[in-house]
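Here is a short briefing on a two-chain model. Look at the sequence and structure first, then read on.

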Amino acid sequence: MPRLLKRLLLRLRATLSPQQDRETRIELDLHLRLLEEEFVSQGMTPDDARRLARREFGNPAVFQEMSRDVVSFHWLEDLVRDLRYAGREMRRAPGFTVIAVSSLAVGIGAATATFAVTEAVMLRPLPVRSPERVIAFTTADGNGWATWSYAAYARWQRGSAGLYEAAAASDVRSLRSRRSSGLPPEDVAVSLVSGNYFEVIGARVVFGRALAASDVGSPGRGAVAIVSDGFWRRRFGGAADVLTKTIELSGVQFTVVGVAESGFTGHAVGYPVDVWVPLTMQPVLLPGMPGLQDSPGKEARWLKVVGRLGANARIERADAAARLARQVFLTEKAVQLGADIPEVARDRAESFRLVAGASGDGAVRPQFGRPLTFLALITALVLIVACTNFTNLMFARAEARRREFLIRLALGGGQWRVIRESAAECLALAAIAGVVALAFANWAISIAMVLVSALEPLDFAIGLNTRVMMFAAGCVMIAAGFGVWPSTRMVRSLAMSSMRQGGAIAGTRPVANRIMLIGQLVVCAILMFGAGLLLRTVINLRTQDLGYERNVLLIPIGVEGPGHPAEAAAALMEQSRQRIAAIPGVLAAGVFGSPLLDNRAYWVDGSEGLRTDRGEASGGTKWTFAFVGPGFFDAVGMQLVHGRRLSESGQGSEVVINESLARALFGEGDAIDRHFAMNPGAPMLTVVGVMQNARQISPRDRDVGVAYLPIRGYGRATLAVRLANPSLSQAASVRQQAQAILGDVQSGPITTISQELERSIAAERLTSAIALFLSALVVAIGCIGIYALMTYDVTRRQREFGVRLTLGATAGRLLATVLRDGAAIVVPALALGLPAQLATSRLLASQLYGVDARDLWTLASVAILLLVVAMGAVFRPAWLASRIDPTTLLRHE
Amino acid sequence: MARPPARPPQGELLQGTLPLLILRTLATGPNHGFAIARRIRQISKAVLRIEQGSLYPALHRMELDGIIDSYWGTTENNRKAKYYRLTRRGTRELASETERWNSIAAAVAAVLQEG
């Protein structure tokens, strides 16, 4: 092997450096000189000696060449030469180079960015030791891995028969950490895990220690924490003394005992963990559920269970063991609770499975699957447009070099040689474009991640890793392939024609170019229409009447933790509310306990559970309920239609409903003083008022029924504050005063309803932004293509135009001729685009709001815009044609 | 691209004999190109004639094949010259090639005596 390597190095050196050549020349020179000297010493004249030496030796140049042939790589040398040539060509036509590179970079960049996201969200395995041995305990249905109780986990761990090792971990919870180790408050992503979690999943703790059995001794014990590498760097600046620090969570100080290896952020894709703590801390961190009960019974399901296959164990056998353990568990449970209770029946109905866990818990994947497919489709179109545009550009270039090709072929230059040069040029252009594309993709990803994280606290380590680079390289090769085709075709046809008729210089009109351009413009029309519809959706969502005011401050408040009974907390918060309501400039302040405009809010599809005082409710209305406190309706500016608001005293059975729910429950009749229950068996509620419909869950939901119930005994809520004058200065001053009044009671940053609205439509904004951006790019590429083709056409027909001018054609006529040529591309594209637009926009229908998928106005605007832009691109070449000066042209000829 | 047809480097020599002669010459010690050519001429009593320049492509190929290697040194007259020497592989190669050549020569001689 070293010998092969040495050979390779020798060859490379010989190929790339002039050193070898120089050395050979020294050798040959010396030999000739020594030969001469020998002949001189035999008595010859110097001249004779030189001549004879030369004859004895042979032609040094030939031997030098042969020697080079022996040791160098021809193909590499040729490639280097071709690339040099390509570089020269590129410098000679900088405009062409910039256009070709930038349009390809856009196509490759968009595709690469999409792939990078797909790779991170869909394809990448967990960054752990032998991920193929990781297994997950789940069921056949639902997104991601199933959730189990601690008792079920404990049974699996005990019944593993050595075939696997099981660990448990809670889903990521965002908990507020106040003032720990002198640092400001921060929301921390926490996962509660079993003591063997790191060992089982195969992640190393690189600094400090992993969790130990003593950490998970008994419930409420084990206030220690492992932090992620990212959290360590972010929160503790990567300092080595992190092991002496603590993190405060729910009033308890957790001592940091270890730092997990870089890259490992837990088993759930998209939800990186900052801090892992022992699951025995559940009673403190997630109070209010029997989380750690380890015998079958009424237990809470809150844990994901992961495992690692034992040495030599196969997943089928591990699965059998796990099933057995589960059967025993369920039987015990049935004995304990009685076989006929619904919970046991439901447990039995679940189809348990042991699955490969290498790709992590992908609960977010289905959510991303559709948008990513959508995005992949768009970017594929963009890439195709960019590649065909490249073909077009290379076509124009090949046409321009027709004469050069012809001369070279006539002089006996090989076809292969000419094609290879062009291939090297395409490859160089595509490779440069690839590098630019990586930068572009990196930028696009970071922008997209900012937009996505506004949507949900998701985080993926998206980056340009090896797989992504390979993908980009593949795109580069494809693009280069698209570029080689024109010159190949040209050279072939020239070689044929030159054999037949000695070479005709006249060019044909490139029909293929026109067809490709029409195709590109059709894609433009499709993307623009889609982007237009999405843009109108965002505008509709943003400007519609929500049923409440937008300029309302929202202040999250909460008093939690030990030493704060809920009633006392509520009293404290009510006091604060009244003080804030009294601030000058504040119209009203009110409390509510349910999320506003939160897509994840709970709602019921169908009114089957609802019961009225006269029997069942009719219809399948989607409905939800919300807890509201004193002053809420005034604070957000919701309008009362009938009756009155909830009384301050909060009569137990009072309820206010909105018009939709009133209609669903009581038809068109008067709803006031009627009664209904939200579940069969639940207490009857008395309707005291009917509110105008307002968008409670999502800005899209026009007619969701809402029951507003009085909030009581709350520990966490939101304070809504409406200002008399929504000017910035007043808002700032009220914010300050409110913060001063609230102090510790404030549990998060102040927002406004407008901001919440923007957040709730982040997904729509993201899709429309991407669609707009990409369609703008594609339109730009398409216009470049038209511009390049028409310019080329005009240049080629200069003579014809000159002759026509001399024969009396006016400049205006020539202008019209070229414009007509351009229209011959643009108009058919628009005509063909129409059915394509309508067919594809149907796919978008479910994402639209307040605009029809066949919206005529959007369709017309897109057509007009595209017509104007595309004809704008034709105009300059047309103008150039009209400015041709026949005298200079003829003199030139 | 058309390449000039490769000329057989051995000139009038029998195909494949030049490397063997070079190896044999170098078996007596490292030497530079001119000296190798002179020795071949002397030993063969000028019967085996080659264009001396054709030695160099052959040397370079053998170096690439790893049966000889080279270093820069100075001649008796203090001139900078590239010296070639046998590698261990070269020594083995010389032995096997010599044997092969001898057997061929013997076979040819036997055939010629037959007639």
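How many residues does the contact take from chain B and from chain A? The contact (heavy atoms within 4.5 Å) takes 29 residues from chain B and 30 residues from chain A. This is a predicted model, where local features need pLDDT of at least 70, side-chain atom pairs count only at pLDDT 80 or more, and totals for chains, interfaces and linings use all residues. Residues are numbered from 1 along each chain as its sequence is written, chains are lettered from A and ligands numbered from 1 in written order, and side-chain values use heavy atoms, with hydrogens and water left out.

**Chain B**

- Four helices and three strands make up the secondary structure of chain B. Helices (H or I, at least four residues) and strands (E, at least two) are DSSP runs, numbered from the N terminus.
- Along the sequence, the pattern of chain B reads α-β-α-α-β-β-α.
- Chain B has 115 residues, and 37% of them are buried. Buried means under 20% relative accessible area, exposed over 50%, and partly exposed in between (1.4 Å probe, protein chains only).
- Take the contacts in chain B between residues at least 6 apart in sequence: 46% join residues at least 24 apart.
- Chain B exposes about 6800 Å², with 54% supplied by carbon and sulfur atoms. Such areas come from the Shrake-Rupley method with a 1.4 Å probe; for residues, only the protein chains shown count as cover.

**The interface of chain B and chain A**

- Between them, chain B and chain A bury about 3000 Å², and 58% of that is on carbon and sulfur atoms. Buried area is the accessible area (1.4 Å probe) that two parts lose on being put together, summed over both.
- Eight residue pairs are in polar contact between chain B and chain A, both residues at pLDDT 80 or more. A polar contact is a pair of N or O atoms within 3.5 Å; within protein, one must be able to donate a hydrogen and the other to accept it, and residues adjacent in sequence count only if both atoms are side-chain atoms.
- On the side of chain B that touches chain A, helix H2 (33-43), helix H3 (55-65) and strand E3 (80-86) of chain B each supply at least two residues.
- H3(B) gives the most to that side, with six residues.
- That side of chain B divides into 11 nonpolar, six polar and 12 charged residues. Ala, Val, Leu, Ile, Met, Phe, Trp, Tyr, Cys and Pro count as nonpolar, Asp, Glu, Lys and Arg as charged, and the others, Gly among them, as polar.

**Helix H3 of chain B**

- H3(B) is largely enclosed by the rest of the structure, because nine of its 11 residues are buried.
- The buried residues of H3(B) include Leu55(B), Tyr56(B), Leu59(B) and Met62(B).
- Gly66(B) follows H3(B), and its phi is positive, near 80 degrees.

**Salt bridges**

- Three salt bridges cross the interface of chain B and chain A. The rule asks for a side-chain nitrogen of Lys or Arg within 4 Å of a carboxyl oxygen of Asp or Glu.
- Glu23(A) pairs with Lys82(B) in a salt bridge, with the closest N and O atoms 3.6 Å apart. Both residues are buried.
- Over all chains, the whole structure holds 39 salt bridges. Glu23(A) lies in helix H2 (residues 19-41) of chain A and Lys82(B) in strand E3 of chain B, so this pair joins two chains.
- Asp48(A) and Arg51(A) form a salt bridge at 3.2 Å, N to O. Asp48(A) is partly exposed, at 34% relative accessible area, and Arg51(A) is exposed, at 55%.
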